Amino acid sequence: MNILVFGKDGQLGKAFQRLLDASPLASEVHQTLYVGRVECNLSEPSCIQKLMRDFQPQLMINAAAYTAVDKAEQEPDVAFAINATAPEVMARYAAKHGVTFLHYSTDYVFDGSGTKCYLENQPINPLGAYGKSKAAGELAVERAFQEVSYPGARYAIFRTSWVYGDGGNFIRTILRLAKELPELRVIEDQYGVPTSAQWLANISLQLCLDQQGCLRGFPSGIYHAVPAGETNWHGLARLAVQTAIEAGIPMKASGDAIHPIPAKGYPLPAPRPMNSRMSTQKLQKAFSDLGLVSKFPQWDELLRDYVVELANHQLI
Ligand SMILES: NC(=O)c1ccc[n+]([C@@H]2O[C@H](COP(=O)([O-])OP(=O)(O)OC[C@H]3O[C@@H](n4cnc5c(N)ncnc54)[C@H](OP(=O)(O)O)[C@@H]3O)[C@@H](O)[C@H]2O)c1
């Protein structure tokens, strides 16, 4: 099977690479092409089309995105080109050629009102340009598959939140700051679920590949994909720093020296949803229907493993 992965240099793209390359099926069953900005700039639809035509994937994974949330306010056109037009081009090809297409979206498609977990079918209402561009991407993918769908063509749009992996992210920023400064202030009134890129890549492949590494059927649609539990940025920062200290990393700021502040005390160019909680019942049911383990791990277990791995590789 030919697998095409866009976004090879991002957190999720690297997680896919790690997972697919480590799989015993990697060389026997799959031929995988990892594509980054150098190989194909996603703002050029013709480049995406040529790649797909030449490689003829059966599974296509779009781990690339314009993720600079604040910068998107200044250049919404660029954000829309990468987050809406590019996935539309991919989805149109996938729908017409019987390809399985995995795409990723975000909690930022919601306005974050209320305190309940969002369901997949609840109305979206993005607050900023990044969220709007990702919402437009979701709609474009859904539309492409509604218009034409060859046998075997299917898609999953995984809406996720607070992703961390091999790359720059909130946790690594906090760990760096805690090494340099005796005290930190972190927002405590925005709630969500930190998501390991490695876990996300893993569950994505579990949904669409069977144990032999062959594509399998699953219901196309949007799926919320985050681990179990919830926290706020302050809780996440505290746990990350405490875990690093327990792993033997010297820190200037202890967990207790991380002080909670309200979001309005840390204004940013793009508004963020206050409530990013998303129900994963739909994805868990899909897992259960496929005979897969449908209990997702707790976010804090995954986070601890991540920080310990960073410590072991001297990356803090
Ligand atoms: N990070 C989060 O907290 C978060 C939260 C919710 C949802 N998500 C979604 O999860 C998915 C994966 O996110 P991530 O954290 O892995 O993102 P990431 O680390 O920022 O990686 C995104 C990748 O997309 C590539 N890219 C951007 N513009 C491009 C262009 N014009 N042409 C080619 N490649 C381009 C980037 O290339 P360069 O490396 O060359 O810049 C980068 O490697 C995305 O769909 C994102 O919207 C992320």
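**Figure 1. The second largest pocket.** About 380 Å³ of space lies in the second largest pocket. The model shown here and in the other views is predicted. A total of 19 residues line this pocket. Arg-18, Gly-165, Gln-198, Tyr-306 and Glu-309 are the ones nearest its centre. Three helices each give the lining at least two residues: H1 (11-22), H7 (197-208) and H10 (299-312). H10 has the largest share, with 5 residues. Sorted by class, the lining holds 8 nonpolar, 5 polar and 6 charged residues.

**Figure 2. The largest cavity.** Across the whole structure, a search finds 1 cavity of 30 Å³ or more. The space in the largest cavity comes to about 50 Å³. Its lining includes Val-69, Glu-73, Tyr-108 and Phe-110. The stretch Leu-127, Gly-128, Ala-129, Tyr-130 and Gly-131 also contributes to the lining. Ala-270, Pro-271 and Pro-273 complete the list. By class, 9 lining residues are nonpolar, 2 are polar and 1 is charged.

Figure 3. Phe-110, one of the residues lining the largest cavity, is buried at 1% relative accessibility. Tyr-118 is buried at 6%.

**Figure 4. An aromatic cluster.** Four residues make up one aromatic cluster: Phe-16, Tyr-104, Phe-158 and Tyr-223.

Figure 5. H3 spans residues 45-55. Its buried residues are Cys-47, Ile-48, Leu-51, Met-52 and Phe-55. Seen down the helix axis, these fall within an arc of 130°, so they line one face of H3. The face turned away from the buried side carries the exposed residues Ser-46, Arg-53 and Asp-54. What does the buried side of H3 pack against? Its partners are strands E1 (2-6), E2 (31-35) and E3 (59-62), together with helix H4 (76-97). Just after H3 comes Gln-56, with a positive phi of about 50°.

**Figure 6. The surroundings of Lys-252.** Lys-252 is in the loop between helix H8 (233-246) and strand E12 (258-261). Its relative accessible area is 56%, so Lys-252 is exposed. Leaving aside residues up to four places away in sequence, Lys-252 touches Ala-178, Lys-179, Glu-180, Leu-181 and Pro-182. From Gln-17, Lys-252 is 235 residues away in sequence. In space, the two C-alpha atoms are 35 Å apart.

Note on methods. Residues are numbered from 1 along each chain as its sequence is written. This is a predicted model: local features need pLDDT of at least 70, side-chain atom pairs count only at pLDDT 80 or more; totals for chains, interfaces and linings use all residues. Side-chain values use heavy atoms; hydrogens and water are left out. Buried means under 20% relative accessible area, exposed over 50%, partly exposed in between (1.4 Å probe, protein chains only). Helices (H or I, at least four residues) and strands (E, at least two) are DSSP runs, numbered from the N terminus. The arc is that of the directions from the helix axis to the C-beta atoms. Contact means heavy atoms within 4.5 Å. On a 1 Å grid over the protein atoms alone, a cavity is a set of points where a 1.4 Å probe fits but cannot get out, and a pocket is an open set with protein on both sides within 12 Å along at least five of seven lines; lining residues have an atom within 4 Å of a point. Grid points are joined across faces, edges and corners, and a volume is the space filled by probe spheres set on the points. Ala, Val, Leu, Ile, Met, Phe, Trp, Tyr, Cys and Pro count as nonpolar, Asp, Glu, Lys and Arg as charged, and the others, Gly among them, as polar. Rings of Phe, Tyr and Trp (its six-membered ring) pair if their centres lie within 6.5 Å; planes under 30 degrees apart count as stacked, over 60 as edge-to-face and the rest as tilted.
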